Amino acid sequence: WEVSLVEGPRGSHAGGQAPRVQGLWSNALEGLDAIGLLRSICPRREGGRQGMYMQEAGYRSVQGHWLAEPRTPLSQGTAPALLFVSEEDLLNGLRQHLQSVAELMPGESCVCVDAMEGRVHLDDGSSLRADVIVAADGIDSAVRRSLHPEVHPSLRGYTVFRGIAGQQLSPKSYQTWGPGMRFASVPLEDSQSWFATFAYHQGQPHPLIRDLQGPEDALTRLRAAFDGWHDPIRETLLQTDHADLLWEEARELISPNVLSHGRVAFIGDAAHAIDPILAQGAGVAIEDALRLASQLDFVENPQSEAMVHHAVQQAEAAATTRIRTLRTMSNVSQFLGHLGPQRAN
């Protein structure tokens with residue numbers, strides 16, 4: 001196969017171009033390791049944030065009591081089960097690997113596709129012909145919108161904030177549940193990645209974070225909202241710069257069982273965006289890509305639309321059980337997260 005990667009501009013977020021951290025679970029890690037990519041996405045380097053395997057994780061109350069205390073390392077057999085790595089390191093590692101096997105087209109964006117002809121139309125007016133089109137363009141996928149305009153993301157009912165504190169403040173990962181609010185923290189090599197969620201109130205964003213006026217205002221309100229919660233939450237927020245903060249309304253994409261169309265395959269958030277609370281988005285996209293690549297290896301004639309479509313359908317069907325399991329986990333997490341206000345009463 002000859003590969004061209006149409007890589008559009010990096011997406012913008014409400015909090016600006018803040019650094020993001022991605023979680024990669026064991027399935028994605030095993031796949032990356034099998035193709036020799038794992039070391040390149042988690043390098044040791046001077047002056048930069050580095051990925052870190054999660055060793056222990058637990059749940060805490062607002063007062064700091066361990067509801068489920070970490071006692072053994074989080075692992076899959078003898079291997080660590082979860083790696084947190086900066087999105088920048090992940091993407092740079094993937095790009096470095098692809099440079100020798102693919103044509104990279106940074107800055108180009110897909111506008112729409114012709115699924116039967118296998119043609120990608122770009123925003124500069126040009127187009128590309130392909131035997132297989134892999135739509136990996138995220139939850140707001142332009143490819144999906146052109147083929148399935150009826151499929152839209154939906155709100156999960158909470159706002160999620162993500163940030164990075166400038167130093168490591170806790171060697172253990174934890175998630176703390178309070179009334180309608182959650183705070184979670186993961187240690188990195190030289191910093192602390194964290195996220196916080198606020199459940200909607202009467203169908204609207206939580207009153208404490210409604211009508212935000214920018215990153216500085218958001219960080220000020222977060223520090224006030226979590227004041228009085230156990231250590232080191234307050235210090236984590238104090239050590240976070242507003243430039244390292246972003247937020248968004250949590251969304252998911254529940255699509256029909258079949259999105260594939262002609263020569264077009266959908267993977268990752270373009271196909272099935274998972275509740276961000278699970279830290280599964282990047283990992284699921286990698287799993288999807290590896291699964292699709294495995295099926296395409298069996299295509300004897302790439303010019304045959306029928307053979308390509310069969311391979312795409314096989315990969316899509318194989319992902320169904322995995323996605324259903326993640327959705328069940330997501331719904332349980334969402335339900336428990338909303339028990340806070342009821343317990344408070």
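This report walks through the fold of a predicted model, from the whole chain down to a few helices and strands.

**The chain as a whole**

Let us start with the overall picture. The chain contains 11 helices and 19 strands. Of its 345 residues, 46% are buried. Among contacts with a separation of 6 or more, 70% are between residues 24 or more positions apart. The accessible surface amounts to about 17,100 Å², and carbon and sulfur atoms hold 51% of that area.

Strands β2, β8 and β3 make up an open sheet, in the order β2-β8-β3, with antiparallel pairing. The edges are taken by β2 (21-25) and β3 (52-53); each has a single partner strand, so one side of each has no neighbour in the sheet. Looking at one of these pairings, β3 is joined to β8 (residues 82-86) by 2 bridges, and Y53 lies opposite L83 of β8.

Helix α1 (residues 26-34) packs on this sheet, where α1 touches β2, β3 and β8. The direction of α1 is at about 85 degrees to that of β2. Within α1, the buried residues are S26, A28, L29, G31 and L32. After α1 comes G36, which has a positive phi, near 75 degrees.

| Strand pair | Sense | Bridges | Residues facing each other |
|---|---|---|---|
| β14 and β18 (residues 240-252) | antiparallel | 8 bridges | G163 and L245 |
| β14 and β17 (residues 192-199) | antiparallel | 8 bridges | Y158 and A199 |
| β3 and β8 (residues 82-86) | antiparallel | 2 bridges | Y53 and L83 |

As a reminder, strands of a sheet pair through backbone hydrogen bonds, either parallel or antiparallel.

**Helix α9, a two-sided helix**

Helix α9 covers residues 305-318, and its 14 residues should span 20 Å at 1.5 Å a residue. The C-alpha atoms at its ends are 20 Å apart, in agreement with that expectation.

Which residues of α9 are buried? They are V308, H309, A311, V312, A315 and E316. These residues cover an arc of only 160 degrees around the axis, which puts them on the same side of α9. On the other side of α9, A306 and A317 are exposed.

Technical notes:
Residues are numbered from 1 along each chain as its sequence is written. This is a predicted model: local features need pLDDT of at least 70, side-chain atom pairs count only at pLDDT 80 or more; totals for chains, interfaces and linings use all residues. Side-chain values use heavy atoms; hydrogens and water are left out. Helices (H or I, at least four residues) and strands (E, at least two) are DSSP runs, numbered from the N terminus. The expected span of a helix is 1.5 Å times one less than its number of residues. Buried means under 20% relative accessible area, exposed over 50%, partly exposed in between (1.4 Å probe, protein chains only). The arc is that of the directions from the helix axis to the C-beta atoms. Contact means heavy atoms within 4.5 Å. Accessible areas come from the Shrake-Rupley method with a 1.4 Å probe; for residues, only the protein chains shown count as cover. Two strands pair if DSSP finds at least two bridges between them. Axes are lines fitted to C-alpha atoms, for helices over the stretch in contact, and angles run from 0 to 180 degrees between N-to-C directions.
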